[in-house]
Each structure stands twice: as C-alpha cells, then as structure tokens.
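Have the sequence and the 3D view open as you read.

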Amino acid sequence: KQWYQRRVAITAGNRALNTAGVTINLPKIVNNGNIIGCVVNEKFSIQKGAQVFIPVGDLQASVYSVLGASSGRVFNYGTASQIVHTTKCDDFGDLPVSVRRTLYTDKYNLVTAASLNGGNSMEIVFKLFSSLTADLHYDTVMELAYEKRNTDLRVCPVFFGERHDTDTFGSFSNVTSDNFTVGDISAAVLRGVVENLCEMMGGVQTNFDTLYAVGIAERPIVQHYLREV
C-alpha cells in the first residue's frame, strides 16, 4: 500500500510538471525483485551475464536466497536472528507486538519475529572466554556446547534488549558449581536465542512442516534446540 501511494504521488507530480511545461526525465519505476539486465563485464569480480535485480531489503534477500518465490518458513541465525514465514498478501490477521509484517513478493508477505540478539550474544560470551585463554577457538566452543546441550543452566541472552521491549535484558539462572563451564554457558546462550525467538513469535500459527535453518542455525547444536521447541 505504501509503495502504491508513493507511485501515485510520483505519477501525479509528473502530470503537474508536464502541465506547467516542465520536462523532466525520471527513471522507470518497477517492482522490487524484477530483473533489469545483466552484468556486462567482470570489473567487480561478478560473473559476466549474471542477472541484475532491483534491490530488496536484507531480510527479503536472506529469505529469497532460501525460498525463492515459494512459500515457507526460515530460521535465520546471523549477527541477530529471525524466524520468518510467508503469508498470503491478503491475510491481515492480528499479530503480537513482537512480530511484524513485511512486503515480499506479489503473492506473499513475510511475518517476522526479528530479535536484536543472535550471534552477537554468542560473541559476547566468546570474547569473555577468549580474554581468559588464547587457546580457545570458536569451533572448540561449539563442540563443548554440543557436549553440554542438555545443560540445566538457563540463560536469557537478550543482552541487547528488543525493539518491542527496551526495558528487559539478559539474565542467568539455575547456576550451580557444576554447570558454570564454557560448554554449559555456550549451550545455554544458543538455546536461549532459539527460545526467545519462539516466544516472540507467540501464538502465530503456520501450516509449514519444514523449517529451513540458515547461518549459525546450520550448526548441529542449534538444530538440536530447534527440534526441541
């Protein structure tokens, strides 16, 4: 609707300029995602002949790389994290404050729970571990986390707050002398990110049986927690 209003405004503005005798050449307006040409040389190390699309947002691009123009559901675990699923463009049901609707294609919109916390939360604890020892590598931390995937340590890794709740931040609970280890803490943070996103998505219902995991979500431990929830 906003795109349509902008297009109408531009068209009306052109008519007014033409009526006043002012000639102005504006670029042709096309929909996001349309192919507008091909790469003609390899100056920027892009393969010659590659299709050039009208740009879309980061979220839409990450979803499109997985689903294309089809429907589906995606868990994207990068610096931040999102659970996204497609919905018909004419479906305007009520959504929780933690969920937003975004334009996607002519057929579908995106329903998204977008957290400010994801890989950046894991990075905080990794930097802490690295400050204590230089011999601890990221892959090692992930392996230790998988070994402790059933930890009873609980972490709410909302270290950066959330758009819909700027007053709530991270916390640790159920800490014991046995579970405050690199593996336990890492596993609890990874699980907390998954649980936080699922809580943000709330009671939003989908009919999709498959969840595509992207980014850090491809790691076995994150997929373990995705299957749990």
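Asp 139 is partly exposed, with a relative accessible area of 45% (buried means under 20%, exposed over 50%, and partly exposed in between, using a 1.4 Å probe and protein chains only). Before going further, note that this is a predicted model, in which local features need pLDDT of at least 70, side-chain atom pairs count only at pLDDT 80 or more, and totals for chains, interfaces and linings use all residues. Residues are numbered from 1 along each chain as its sequence is written, and side-chain values use heavy atoms, leaving out hydrogens and water.

**Salt bridges**

The structure holds two salt bridges, each defined as a side-chain nitrogen of Lys or Arg within 4 Å of a carboxyl oxygen of Asp or Glu.

| Pair | Closest N and O atoms |
|---|---|
| Asp 139 and Arg 219 | 3.1 Å |
| Arg 154 and Glu 195 | 2.9 Å |

Asp 139 sits in helix H4 and Arg 219 in the loop between strand E9 (212-215) and H6, 80 residues apart. Helices (H or I, at least four residues) and strands (E, at least two) are DSSP runs, numbered from the N terminus. Arg 219 is partly exposed at 28%. The other pair joins strand E7 (residues 154-156) to helix H5; here Arg 154 is partly exposed at 33%, and Glu 195 is partly exposed at 29%.

**The core**

The largest nonpolar core has 33 residues; such a core is a set of buried Ala, Val, Leu, Ile, Met, Phe, Trp, Tyr and Cys residues joined through side-chain atoms within 4.5 Å. H5 gives the most to this core, with 10 residues.
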